[in-house]
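Hi everyone, thanks for making time. Let me put the structure up on the screen, and then I'll walk you through the parts I'd look at.

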Amino acid sequence: MIKVLLFAGMQERAGTAELQLDEVRLRISDIKSALEKKYDSPQMFIGCLSAVNEEFADDDTEVSTGDTVAFIPPVSGG
Amino acid sequence: MIKVLLFAGMQERAGTAELQLDEVRLRISDIKSALEKKYDSPQMFIGCLSAVNEEFADDDTEVSTGDTVAFIPPVSGG
Amino acid sequence: MKRFEIVTGPILVQDIIDKVIRAEAGAVNTFIGTVRELTKGKRTVFLKYEAYIPMAERQLAKIGDEISARWPGSRTAISHRIGSLDISDIAVVIAVSTPHRAEAFDACRYAIERIKEIVPIWKKEHWDNGEMWVGDQLETAAYSKGHPESEEDKND
Amino acid sequence: MKRFEIVTGPILVQDIIDKVIRAEAGAVNTFIGTVRELTKGKRTVFLKYEAYIPMAERQLAKIGDEISARWPGSRTAISHRIGSLDISDIAVVIAVSTPHRAEAFDACRYAIERIKEIVPIWKKEHWDNGEMWVGDQLETAAYSKGHPESEEDKND
């Protein structure tokens with residue numbers, strides 16, 4: 001199982017902060033495609049970064065059971 | 001009477017923080033010459049600024065009875 | 001004493017400064033980000049900050065490491081508050097101590113710019129007539145009930 | 001509330017910040033000058049600051065006016081301590097609030113540079129083996145019991 005975290009506007013639009021994916025191994029790009037379909041929102045990851053286990057990662061990064069993927073919309077701290 | 005204030009190393013070398021000059025009217029440059037003679041220290045005003053009544057002034061500035069002249073050695077606040 | 005923290009309550013500036021003052025340092029620069037009432041004439045009622053807390057603290061510490069590498073002899077502490085903040089409340093405090101003053105300014109400036117780039121914290125502005133996640137205007141012209149403004153105006 | 005002050009006791013940073021925080025400001029930059037123990041390997045035991053107090057306060061206020069003119073919408077407060085200071089004691093605190101962050105850094109930096117130019121305050125360093133008025137090395141090779149160093153090293 002792979003955990004997916006959503007934040008800020010993305011979280012509000014999805015209506016959830018956390019998703020569980022049953023797959024054992026996935027690339028970040030696969031997760032994005034799946035969520036774009038699930039939420040019928042083809043642009044939902046524009047401007048958005050990805051992190052795996054609290055470190056930034058790119059679309060080709062593979063994740064597997066036990067990993068936590070977070071999608072990071074444009075940050076606005078400070 | 002004109003009041004003259006000395007600070008920092010200049011004050012220590014002169015052995016006083018304040019002098020009273022009996023003259024009614026003087027230029028800053030006159031005061032400098034008088035003090036250089038008094039303390040036998042021809043270089044005592046090198047790098048030193050002057051102020052009259054708490055505002056910077058130049059050597060040509062005339063002061064008169066009631067004025068306060070301050071000699072400001074290189075500052076080192078902060 | 002945690003030098004890089006996401007907190008949920010008020011930040012005391014002195015506490016952050018105390019984390020970086022040392023005998024070797026002659027200068028401390030502090031940046032304090034507060035909630036501004038007006039941005040281009042639009043009145044903020046309150047703000048809400050959200051963070052991906054463990055990663056945000058890790059990224060703040062990473063900024064500290066970057067600063068130590070770039071400005072040897074410096075020490076950095078950063079606290080960022082999340083939750084609801086009112087006008088003039090402190091959202092972030094950065095303190096950097098260095099032996100000499102020029103680096104303190106440069107390093108602290110670097111820290112705030114990096115926070116705005118790599119730390120997963122999000123700000124939602126609440127106005128009388130709407131609300132918006134700052135930086136999120138891309139997809140949300142319809143979502144935002146208020147007026148989107150340029151990125152530059154909002155995010156500082 | 002006096003925004004430009006020469007004081008003889010400890011300075012509380014928060015007090016200075018409180019003088020400049022306002023609803024219109026989103027950023028406060030603070031510079032804190034502390035007594036550094038080592039300057040080029042030379043160990044300071046304590047420092048003594050002296051000021052021409054009324055003129056110094058007037059000059060600090062002038063720096064505040066210059067900042068207001070250059071960075072509209074800013075507010076500045078400066079307190080400088082005089083008397084004997086120990087290692088890590090705070091000698092000066094500058095706080096500048098501005099609507100946006102870039103000007104807060106620039107204005108605060110400007111303030112500390114101007115203090116070092118136009119404010120009649122003098123620092124005397126005391127070492128184990130001597131003492132010297134900083135900036136006074138011109139006439140005092142004989143007077144100084146310690147090693148004069150370059151102006152740049154000492155005065156920051």
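So, to start: how much area do chain D and chain C bury between them? About 3000 Å², with 54% of it on carbon and sulfur atoms. By buried area I mean the accessible area (1.4 Å probe) that two parts lose on being put together, summed over both.

Quick housekeeping before we go on. This is a predicted model, where local features need pLDDT of at least 70 and side-chain atom pairs count only at pLDDT 80 or more, while totals for chains, interfaces and linings use all residues. Residues are numbered from 1 along each chain as its sequence is written, chains are lettered from A and ligands numbered from 1 in the order in which they are written, and side-chain values use heavy atoms, with hydrogens and water left out.

Okay, back to chains D and C. In this interface, 36 residues of chain D are in contact with 37 residues of chain C, contact being heavy atoms within 4.5 Å. The rule finds 20 residue pairs in polar contact across it, both residues at pLDDT 80 or more. A polar contact here is a pair of N or O atoms within 3.5 Å; within protein, one must be able to donate a hydrogen and the other to accept it, and residues adjacent in sequence count only if both atoms are side-chain atoms.

Which parts of chain D do the touching? Helix H1 (13–18), strand E2 (27–34) and helix H3 (101–118) of chain D each supply at least two residues to the side facing chain C. H3(D) gives the most, with nine residues. Those element names are DSSP runs numbered from the N terminus: helices are H or I with at least four residues, strands are E with at least two. By class, that side of chain D splits into 16 nonpolar, nine polar and eleven charged residues. For the classes, Ala, Val, Leu, Ile, Met, Phe, Trp, Tyr, Cys and Pro are nonpolar, Asp, Glu, Lys and Arg are charged, and the others, Gly among them, are polar.

Now find the two E2 strands. Strand E2 (residues 27–34) of chain C pairs with E2(D) in the antiparallel sense, over seven bridges; strands pair if DSSP finds at least two bridges between them.

Next, salt bridges, meaning a side-chain nitrogen of Lys or Arg within 4 Å of a carboxyl oxygen of Asp or Glu. How many are there over all chains? The structure holds 37. Four of them cross between chain D and chain C, including Arg101(D) with Glu113(C) at 2.8 Å, N to O.

Some sit inside one chain. Glu57(D) and Lys2(D) meet at 2.9 Å, N to O. Glu57(D) lies in helix H2 (residues 53–70) of chain D and Lys2(D) in the segment before strand E1 (4–7), so this pair ties together parts that are 55 residues apart in sequence. Are these two buried or exposed? Glu57(D) is buried at 15% relative accessible area, while Lys2(D) is partly exposed at 45%. The cut-offs are under 20% for buried, over 50% for exposed, and partly exposed in between (1.4 Å probe, protein chains only). Over in chain C, Lys62(C), Glu66(C), Arg114(C) and Glu117(C) are linked in a network of salt bridges.

Last stop, chain B, and a bit of backbone. Most residues other than glycine have a negative phi. Ala8(B), though not a glycine, has a positive phi of about 55 degrees. Ala8(B) is found in helix H1 (residues 8–14) of chain B and counts as buried, at 3% relative accessibility. Asn53(B) also has a positive phi, about 50 degrees. Asn53(B) lies in the loop between strand E4 (49–52) and strand E5 (55–57) and is partly exposed at 34%.
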